[in-house]
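These are my notebook entries on one structure, kept in the order in which I looked things up. I wrote each term out with its cut-offs when I came to it.

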Amino acid sequence: MKFKNKKETWKHTLILSFQSLGVIYGRLSTAPLYVMESIRPGDIRSPDEIHELFSFVFWTLTIIPLVKYSFIVLRADDDGEGGPFALYSLLCRHASVGLIPCDKSSDKILHHEEHSPSKKTLESKARRTLEKHKSCHYLLFFLALFGACMILSDAVLTPAISVLSATSGLGRSLAKISAKFITSDHAKVHVAKTLKKYVPTPAACAILVCLFTFQHHGTKRIGIVLAPIVITWLFFIGGFGLYNIFHYDMHILNAISPVYMLKFIKKISLRHWKLLSSIILCIAGTESMFADLGHFSKKSIKITFICFIYPILLVTYAGQAAFIFNNFRVEDAFHLSESIPNKSLQHIFAVLSLFASAVGSQATITAGFSIINQCQALNCFPRVKIVHTSEQILGQVYVPDVNWLFMILSLAFTIGLQDVSQLGKATALAVTCAMLVTTCLMSLVIALYWERSLFASISFLLFFGSIEAMYLTTSLVNFLHGAWCLIILLLLFMMIMAAWHYGTLKKYQFDIENKVSIDWLTDYSPGLGVARVPGIGFIYSDIEMGIPAFFSHFITNLPAFHQVLIFVSFKSSPVPYVADNRRYLIGRVGPREYKIYRCIVRYGYRDSVRDTDDFEDQIISSIGEYITREEYDCEALSSPEGKMIVLGGLREDGNALIPVDDTISTTSYSPKSGASESKKHLPDVPSGSLENPNTGGSRKRVRFMLPAKSPRMLASVRQELQEMIDARESGTAYFLGQSHLLARKGSNFFKKLLIMMYVFLDKNGREPPVALNIPNAALLEVGTVYTI
């Protein structure tokens, strides 16, 4: 988590710890609902196996969430962010293994890229090996995508299993209540079966719809509302867990000895192996401790787990195991609700479990939003709307489109399977895969980023990896009993990510190969009489040097461009945030008299620079600052096109262009869409087109003025700044390349499939002009066909 303009205090830590109970730990807290319930009673032959299974629960909770995540993995945050892509970004910056297209000439402006020379150790050899072999790059990128897909799949499956397990208890509770009002034994049995069969699924669907509808309120509000529910739930199940330990089986505490695990392993068989696939569910939600790091802080997450969650969960599982041991032959003994001693309290438990199960789904849903935000920023997911729900905590986001996708898929699996056991097997496989990916990436982070010994890295991989690999094999044994559901989700999310990344990468390579030099533009204009029209032209492209192919195509057919040209390119960087004062890399293209500039906008995978209303004003202000500092700036960077300077956004105290707010009315503005309409406005775009056409009333439009005359400002600089102001007042137009991908004849099926999916996602995703807040009447789209 990253605070905006403030440091974390103990007050913030306590508040975040409270909120994390309703977001991160709801999943771990509600796991007792389905860990034992997902075990088929017939698979356990003797009560002694209950003690042995509890021993696995104890040590799994201790080794994975407590030791691995609380004390090790949480330390590997990427400037307050977590998840597989955070680990991948750390590796990309400390070893050249990234596959994200990016011009290396601009990477040097990031302070994250600066590091001391590598030590002559074994770790340096590992770094060189990774950098040398391209197959290692693809493997790491695949691991990051695979881990992200597992978290997204978990965000679909967890709501289904959590809510369905709770509504199953509701069905049993209603059956017991109805038995009090029915005298006939036959009718009692019939009504009980009907309620148990037909109540859980519809009730689960209704709760799921409410849960996903609630997401737009944001992490802070959700955490505040849901945290009391989790606290009540934990004290409720923890209290009865403690009661069951003393009332039924005190010897269950002896099972914390690893000797009980060894007894279980000695008699291992296929039946025993299947039992362990349910035990892994006790740590379901652990990955959210790291993936949701951007929503909270390391300190708050660690304190909450160690001091509150961990001890109560151990008491709860011990109490449930003690109850099952003493009531091994009782029907429904494996359901948590049956371990509540008072029958009246069982009905309260049924209602409380409904609320708790909804909370339990929140961790994975929130983690899913975080992963989507990271993937989209790194061009690994289609354009979707990202809503930042907090002004103080930058990592708290909500993704509406993905939220409804999660809801539809979760409803589909709930209705389609209607079985907690099958959903549990799929969830267990997703949990183990995600953790195994984190272990693999973390072992490399230990060696390359922390620069620890190779022995420490391998030891971490072997110790935690062997445990997770064991649980992975137990989940694969149950592949036909529900784990196959995960494969459907994996293929869906992996194909979406792979297709989008493949299409984006191919477009970028095509743009690089077909760009033209700046000499083409400067030499072409005088010879063919290219007209310069008043105004500013923003040309958005993906390349950082040269002229994009679509703009040269436009000039060839319509020999005219604006008095001031600004080439703008967005470049993602494998960091969470880029500081505002290092956001823009400004340079000049060609001779001074051509008034052509280049602006490279750098952003991290947690930044949201495209949705700001003053984006254009920030660029113009930064260019004005560049003009005044161009001659004497000692920190200017060299590029093939000349000097480039790192700058921030609007500067009210700057010595170049001074921004002045000017309130204008937009109620009467009616934009026209399409490229043909944009051409009409190309020579002189009305100033009202700078505003968002979808809003009415009055809005602030920034105008610029020159500072008071200063003897330090050269006459040529003042003249160029005045020309920039005049061009801004004349109007602004936006050029955007509209590419169309086509597969070459004879391409293989997989390549055609990826391109077809990319084209479909590109057409149905969020449009770039919307993401850039560009009014349609000022937009000119130039079509280009790419054959790959």
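**Entry 1: charged pairs**

I began with lysine 267 and glutamate 52, whose side chains meet in a salt bridge at 3.3 Å, N to O; the term stands for a side-chain nitrogen of Lys or Arg within 4 Å of a carboxyl oxygen of Asp or Glu. This pair links distant parts of the chain, since lysine 267 sits in the loop between helix H10 (259-266) and H11 while glutamate 52 belongs to helix H3, 215 residues apart. Helices here are DSSP runs of H or I with at least four residues, strands are runs of E with at least two, and both are numbered from the N terminus.

Before going on I noted that the model is predicted, that local features need pLDDT of at least 70 and side-chain atom pairs count only at pLDDT 80 or more, whereas totals for chains, interfaces and linings use all residues. I also noted that residues are numbered from 1 along each chain as its sequence is written, and that side-chain values use heavy atoms, with hydrogens and water left out.

Are the two partners buried or exposed? Lysine 267 is partly exposed because its relative accessible area is 36%, and glutamate 52 is buried because its value is 5%; buried means under 20% relative accessible area, exposed over 50%, and partly exposed in between, with a 1.4 Å probe and protein chains only.

Next I looked up glutamate 49 and arginine 271, whose side chains meet in a salt bridge at 3.1 Å, N to O. Glutamate 49 lies in helix H3 (residues 48-71) and arginine 271 in helix H11 (residues 270-279), so this pair ties together parts that are 222 residues apart in sequence. Glutamate 49 is buried, with a relative accessible area of 3%, and arginine 271 is buried as well, at 19%.

I then turned to lysine 595 and glutamate 723, which form a salt bridge at 3.2 Å, N to O. Here lysine 595 is in the loop between strand S5 (584-588) and strand S6 (596-603), and glutamate 723 is in helix H24 (residues 715-730), 128 residues away. Lysine 595 counts as buried because its relative accessible area is 15%. I also found Arg588, Arg592 and Glu720 linked in a network of salt bridges, and my search of the whole structure gave 11 salt bridges.

**Entry 2: nonpolar groups**

How many residues does the largest nonpolar core have? It has 182, and those with the most contacts inside it are Leu61, Phe85, Trp233, Tyr317, Phe406 and Met442; such a core is a set of buried Ala, Val, Leu, Ile, Met, Phe, Trp, Tyr and Cys residues joined through side-chain atoms within 4.5 Å. Its largest share, 21 residues, comes from helix H6 (residues 134-179). A second, separate core of 38 residues includes Ala377, Leu647, Leu657 and Met713.

I then checked leucine 480, which lies in the loop between helix H18 (454-477) and helix H19 (484-514). Leucine 480 counts as exposed because its relative accessibility is 72%.

**Entry 3: the whole chain**

Finally I wrote down the totals: the secondary structure of the protein chain comes to 26 helices and 12 strands, and 59% of its 788 residues count as buried.
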